[in-house]
Amino acid sequence: MKKVLFFIFTLLISCMNLHAKWFDVSKKVRVFLNVPNNYTILKDKWGVPLMLYGPKSPKGGRISLSVMPTPYTVKKFDKKELKSTQGEFREARKRHLSKVNGEAVKFFPYEVKKWKGVKEVHTIGYQFKLKNILYTENSFYFQCNNQFFVMKSLYRENSFGDQRDSINNLVSSFKCGKR
């Protein structure tokens, strides 16, 4: 019985640190995310319907997550085509980084994941250095109510690399809804 009470107490405490919330991100779509209470939520800033910022780290920087519906509709992703564009992804990132005196460090391969609220999520990412700071950026592509979405996470590895699981939990808590 003590173990059950401890589990319930732990669950309640962990839930108190999150605020699950629905966000309107387009005329047709609402999205759901379990957002930590210490995150800042920005809506409709700089052309992005939803941006989440984690708290500032004493080491510098903060986690950022952007959620962007596109005007495109998608019935099904062509996995072979997406996988074949990994080389283009790498080269485009390298070209951009060379223009800003940055350096590509590591690329995360294309893969397909499943979240509770989204059946098929296509991901790709990379690490890069800019002014001797190592960053990790991940891109997530999926459909939500037949609308194509892009979600991106970005963080400094030295400040938030140990929080990779909590970042993944935030991202994978995404659910689709209709307005």
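Author: In this predicted model, serine 64 lies in strand S5, which covers residues 64-73.

Reader: Why is serine 64 called buried?

Author: Serine 64 has a relative accessible area of 18%, and buried means under 20%, so serine 64 is placed in the buried class.

Reader: What makes residues count as being in contact with serine 64, leaving aside its neighbours within four places in sequence?

Author: Contact means heavy atoms within 4.5 Å, and with those neighbours left aside, serine 64 is in contact with Leu52 and Tyr53, as well as with Lys152, Ser153 and Leu154.

Reader: How do you know whether lysine 131 is buried or exposed?

Author: The relative accessible area of lysine 131 is 74%, and exposed means over 50%, so lysine 131 is called exposed. Lysine 131 sits in the loop between strand S7 (121-130) and strand S8 (133-144), and has a positive phi of about 50° although it is not a glycine.

Reader: What makes asparagine 132 exposed, and what is its phi?

Author: Asparagine 132 has a relative accessible area of 74%, which is to be set against the cut-off of over 50%, and therefore asparagine 132 is exposed. Asparagine 132 lies in the loop between S7 and S8, and its phi is near 60°, a positive value in a residue other than glycine.

Reader: How many of the residues of the protein count as buried?

Author: Of the 179 residues of the protein, 39% count as buried, and the protein has 5 helices and 10 strands.

Definitions and conventions
Residues numbered from 1 in each chain as written. Predicted model: local features only at pLDDT ≥ 70, side-chain atom pairs only at ≥ 80, totals over all residues. Heavy atoms only, no water. Helix = DSSP H or I, 4+ residues; strand = E, 2+ residues; numbered from the N terminus. Buried < 20%, exposed > 50% of the residue type's maximum accessible area, 1.4 Å probe, protein only.
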